Amino acid sequence: MSLATHLFLPASSSIPCLVKTRVLFSSAMALKVHGTVGSPATFRALAALHEKDLDFEFIPVNLSAKEHKSPQFLAHKNPFGQVPVFEHGDLKLFESRAITKYVAEAFADKGTSLIHKDPKKSAIQTVWTEVEAQKFDPTVAKLGWEIVLKPKFGMTTDEAVVAEFEKKLEPLLDVYEKRLTESKYLGGDSFTLADLHHLPTLQGIMGTKVKSQFDARPHVSAWASDILSRPAWVKVASMLTK
Amino acid sequence: MATPPVKVYGPPLSTAVSRVLVCLLEKDVPFQLVPVNMAKMEHKKPDYVKMQPFGQVPAFQDDDITLFESRAICRYLAEKYPNKGTAGLFGTNPLVKASIDQWLEAESQSFNPPSSVLTFQLFFAPLMKLKQDEALIKQNEAKLEKVLDVYENRLGSSRYLAGDEFTLADLSHLPNTQFLVEKTDKAELFTSRKNVGRWWSEISTRPAWKKVVEMQNA
């Protein structure tokens, strides 16, 4: 399957899991991610771990075997039956944006700084992190589902829905264009979680006709190219081709 | 008395505005509520859009900082005033904070979408004389039921979502649930579930939330 297809997988889809990669961490406080290659949420968490140069064990969750809906998974990993699930010693977390935040704070001095320490800068970054969660992701993931995934699952793209959501995306990207004219990155003058959280969904949509909306806006286009070419992200995305 | 430096722009009836208001009240942070006449499209005018580029409510100002997105504003307040008012809204150590973040994200990603659709369809649409979408209502009720089943299980072994203390994670649920329980015929989604019902009863009777509801009904 294509890169674009994989990146729109919702957490509960049934796609056969691909290669098993295990990067072992020998310390007592091991980092683990239970997830699925191609799941945007899993990739969001992995992007943060790679930005921080952290060693972790990746434990594949077999979505096609409905492993994420098994009683054990629901009871001991994520009661919502979704990937990823993160472990750090005794701490267990679900929700990719909570995982990235924890990693960014717990390992603040390692690798790329993904958060601002100054309270005012941090507040601004949190604003744009919410924009991704509340506005960008729902809009773009919906487009990805219609354009990329439905055909792969033998379903028909609803062109009316595509048109509706393309129309929603335009003013959203206008705000992004203005923001990125005033600020190098969404959350401030450096790359942070506010930008990182966009990566999986952004990568997926750039493989579709919707890319033209991004290309039409110079600052958005430059920002997208910039963050998609970060080595940590390229490392995550390359899991799809292994 | 000097004008409080904190300003919140928007009507208290807005779920997002009320989320910020309850947080300010829980934290005992004085604020000024600035009305925004949405019927007159005040929220789309250039002066307002300067503060909130999406033309939505709330907008928030504290000293020289302007913020939007209610959950971002709540996080800012909880971090700026950790020991003021209700302490521990964002936890007292990184592990607790991680758990709160997790349930805040669960609210944002799993609870908010279906409960927002239902709130709009069942409360705001009739108010605005808009046609209701029965299929959408049914679809989202089913989604919300699944989420509430998870909450029912969680709240059977935990007093509040993130642990034994009331936190931002619980607070974030107040606005939509208030409408669904008090202003629609979907109350039993919450009240028929023993643990969810118990949790709702506890969090909705907190003085700060009661004050917000008064502001909404004013």
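## Arg217 of chain A

Arg217(A) is placed in the loop between H9 and H10 of chain A; helices (H or I, at least four residues) and strands (E, at least two) are DSSP runs numbered from the N terminus. The model is predicted, so local features need pLDDT of at least 70 and side-chain atom pairs count only at pLDDT 80 or more, whereas totals for chains, interfaces and linings use all residues. Residues are numbered from 1 along each chain as its sequence is written, chains are lettered from A and ligands numbered from 1 in the order in which they are written, and side-chain values use heavy atoms, with hydrogens and water left out.

With a relative accessible area of 8%, Arg217(A) is buried; buried means under 20% relative accessible area, exposed over 50%, and partly exposed in between (1.4 Å probe, protein chains only). Not counting residues up to four places away in sequence, Arg217(A) touches Glu170(A), Leu173(A), Asp174(A) and Glu177(A), where contact means heavy atoms within 4.5 Å. The side chain of Arg217(A) also makes a polar contact, at 2.9 Å, with the side chain of Asp174(A). A polar contact is a pair of N or O atoms within 3.5 Å; within protein, one must be able to donate a hydrogen and the other to accept it, and residues adjacent in sequence count only if both atoms are side-chain atoms.

## Salt bridges within chain A

Over all chains the count comes to 31 salt bridges, each being a side-chain nitrogen of Lys or Arg within 4 Å of a carboxyl oxygen of Asp or Glu. One of them joins Glu170(A) to Arg217(A), with the closest N and O atoms 2.7 Å apart. Glu170(A) lies in helix H6 (residues 159-182) of chain A and Arg217(A) in the loop between helix H9 (211-215) and helix H10 (218-228), so this pair ties together parts that are 47 residues apart in sequence. Glu170(A) is partly exposed, at a relative accessible area of 34%.

A further salt bridge is formed by Arg97(A) and Asp137(A), whose closest N and O atoms are 3.6 Å apart. Because Arg97(A) belongs to helix H4 (residues 96-106) of chain A and Asp137(A) to helix H5 (residues 119-152) of chain A, the pair ties together parts that are 40 residues apart in sequence. Arg97(A) counts as buried at 5% relative accessibility, and Asp137(A) is buried with a relative accessible area of 14%. Helix H5 of chain A also holds both Lys150(A) and Glu146(A), four residues apart, about one turn of the helix. The side chains of Lys150(A) and Glu146(A) meet in a salt bridge (3.1 Å, N to O). Lys150(A) is buried, with a relative accessible area of 11%, and Glu146(A) counts as buried at 3% relative accessibility.

## The fold of chain B

Chain B contains ten helices and four strands. Along the sequence, these elements follow the pattern β-α-β-α-β-β-α-α-α-α-α-α-α-α. The radius of gyration of chain B, taken over C-alpha atoms, is 17 Å, close to the 17 Å that the globule rule gives for 218 residues, so chain B is as compact as a globular protein of that length; the rule is 2.2 Å times the number of residues to the power 0.38.

Along its principal axes, the C-alpha trace of chain B spans about 45 × 45 × 30 Å. Of the 218 residues in chain B, 58% are buried. Among contacts in chain B between residues at least 6 apart in sequence, 65% join residues at least 24 apart.

## The interface between chains A and B

The size of an interface is often given as the accessible area lost when the parts come together. Between chain B and chain A the buried area is about 2500 Å², of which carbon and sulfur atoms give 64%; buried area is the accessible area (1.4 Å probe) that two parts lose on being put together, summed over both. The contact takes 32 residues from chain B and 26 residues from chain A.

Five salt bridges are counted between chain B and chain A. In one of these, the side chains of Lys101(A) and Asp101(B) meet at 2.8 Å, N to O. A network of salt bridges links Lys101(A), Glu130(A), Arg75(B), Asp101(B) and Glu105(B). Eight residue pairs are in polar contact between chain B and chain A, both residues being at pLDDT 80 or more. On the side of chain B that touches chain A, the elements giving two or more residues are strand S4 (65-68), helix H3 (70-80), helix H4 (94-127) and helix H5 (134-157) of chain B. The largest share of that side, 14 residues, comes from H4(B). The residues of the side of chain B that touches chain A divide into 16 nonpolar, eight polar and eight charged; Ala, Val, Leu, Ile, Met, Phe, Trp, Tyr, Cys and Pro count as nonpolar, Asp, Glu, Lys and Arg as charged, and the others, Gly among them, as polar.
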